[in-house]
Amino acid sequence: MSATEVDFYELLGVSRDADGATVKSAYRKMAMKYHPDRNPGDAEAEARFKACSAAYEVLKDPQKRAAYDRYGHEAFQQGMGGGGGHHGAEFSDLGDIFETIFGSAFGGGASGRARPRRGADLRYDMQVSLEEAFHGKSTQITVEVAATCDTCEGSGAEPGTGKRRCELCHGHGKVRAQQGLFVIERPCPTCSGRGEVLEQHCHSCRGEGRVDQEQVLDVEIPPGVDNGTRIRLSGKGEAGPMGAPAGDLYIFVHIKEHPVFAREGTALFTRVPVSFTVAALGDTLEIPGLDGEKHSIDIPAGIQSGKQLRKRGAGMPVLQGRGRGDLVVEVMVETPTKLSSRQKELLREFRETETGEECPESRGFFDKLKEAFGG
Ligand SMILES: [Zn+2]
Ligand SMILES: [Zn+2]
């Protein structure tokens, strides 16, 4: 690991276009902080002080700075002749310092260039009716998504032009910056970690390698989807930068509310009002299902309001599986509100026949009341 890994601008915490006064005040701040007089016996602080001084030596001098900007540390190493040989010793010191203090922490990673990143995954929210969730559906969606630029085929370079090595990181793709007590290695801001920069940006995508495009995609909604189901369209997300692979597009399913059926997992749930005579005498009900069939449900005589009846296999299909869930019918017994005089007469007659044994549940309730209140 050599001194060329350490960027002078990063070291002082200034941008590459910082003016002389900014560089100077940044250096002063660092010098104050790490000066050996202020940090007696602290070797690390001393090392930093030296490193910052070396950086300032170069950046304060417009000529040296220009040479540094152009050639990096090589400008001051043997054979380049850019900025005077007497700096050579200082820079190799600097290299040793960083080697000693921080060398092992990076495990030699500085030499590896960043691989182009895959494009971002995208999310598309889709409303699906319960019927569509039941049967599944083939549909199309239109999305605006960053796609590989046709002009440059994703390279970002104007056709006929090439790339050159990044000057800031010397092709390593990484730079080091001091942050508090640590030196942080991060992707080079100039080349985004690629180690090289374009000679000329593509006019269509301005060097991005991607352009926003409206795309129409076929989507297959399988039967049985539910809220929270995600359908992945592989490679249909954002195109990767510089021709890297595209991300995926995820369709997030939202089931619209249904006027008749509620759904829980593979079960379909509904409430059915029945007259008190049906509840008392029993009957068979026909419930139209989402499948278009009618499901007959037997109401046993004497059923109570709130009782649930289950029809196996008449619910939602199992997503990517076999079979179906259950249809659950909750019975709501309705008390008649409009009775003809004839009906009233019959009911009065019925009341006279009551023995108190007809409604075992309510008798049980009154027994409990008596027990509790001694009445
Ligand atoms: Zn392009
Ligand atoms: Zn770079």
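A salt bridge here is a side-chain nitrogen of Lys or Arg within 4 Å of a carboxyl oxygen of Asp or Glu. Arg 310 and Asp 326 form such a pair, with their closest N and O atoms 2.9 Å apart. Arg 310 sits in strand β14 (residues 308-311), while Asp 326 belongs to the loop between β14 and β15 (327-334), so the bridge ties together parts that are 16 residues apart in sequence. Asp 326 counts as buried because its relative accessibility is 13%. The model is predicted.

**Salt bridges**

The whole structure holds 18 salt bridges. Three of them are tabulated here.

| Asp 69 | Arg 16 | 3.5 Å |

The bridge between Asp 69 and Arg 16 links distant parts of the chain, 53 residues apart. Asp 69 is in helix α4, and Arg 16 is in the loop between α1 (8-12) and α2 (20-34). Asp 69 is partly exposed, at 24% relative accessible area. Arg 16 is also partly exposed, at 28%.

Shared partners join Arg 118, Asp 121, Arg 232 and Asp 248 into one network of salt bridges.

**Helix packing**

Helix α3 (residues 43-59) packs against helix α4 (residues 62-71) at an angle of about 105°, and their axes are 6 Å apart. The two helices are therefore roughly perpendicular, since angles of 65 to 115 degrees fall in that class. On the α3 side, the contact involves Glu 57, Val 58 and Leu 59. On the α4 side, Lys 64, Arg 65 and Tyr 68 take part.

**Surface patch**

Phe 365, Phe 366, Leu 369 and Phe 373 make up a nonpolar surface patch, with about 460 Å² of accessible area together. Phe 365 lies in helix α9 (residues 360-373). Its relative accessible area is 48%, so Phe 365 is partly exposed.

**Positive phi in loops**

Which residues other than glycine have a positive phi near 55°? Arg 206 is one of them. Its place is in the loop between β6 and β7 (210-221). Arg 206 counts as exposed, at 69% relative accessibility. Ser 192 also has a positive phi, of about 55°, although it is not a glycine. Ser 192 lies in the loop between β5 (182-187) and β6 (196-198). With 46% relative accessibility, Ser 192 counts as partly exposed.

Conventions. Residues are numbered from 1 along each chain as its sequence is written. Chains are lettered from A and ligands numbered from 1 in the order in which they are written. This is a predicted model: local features need pLDDT of at least 70, side-chain atom pairs count only at pLDDT 80 or more; totals for chains, interfaces and linings use all residues. Side-chain values use heavy atoms; hydrogens and water are left out. Patches are made of residues with over 30% relative accessible area and no salt bridge: like charges are joined within 9 Å, nonpolar side chains (Val, Leu, Ile, Met, Phe, Trp, Tyr) within 5 Å. Accessible areas come from the Shrake-Rupley method with a 1.4 Å probe; for residues, only the protein chains shown count as cover. Helices (H or I, at least four residues) and strands (E, at least two) are DSSP runs, numbered from the N terminus. Buried means under 20% relative accessible area, exposed over 50%, partly exposed in between (1.4 Å probe, protein chains only). Axes are lines fitted to C-alpha atoms, for helices over the stretch in contact, and angles run from 0 to 180 degrees between N-to-C directions. Angles under 35 degrees count as roughly parallel, over 145 as roughly antiparallel, 65 to 115 as roughly perpendicular and the rest as oblique. Contact means heavy atoms within 4.5 Å.
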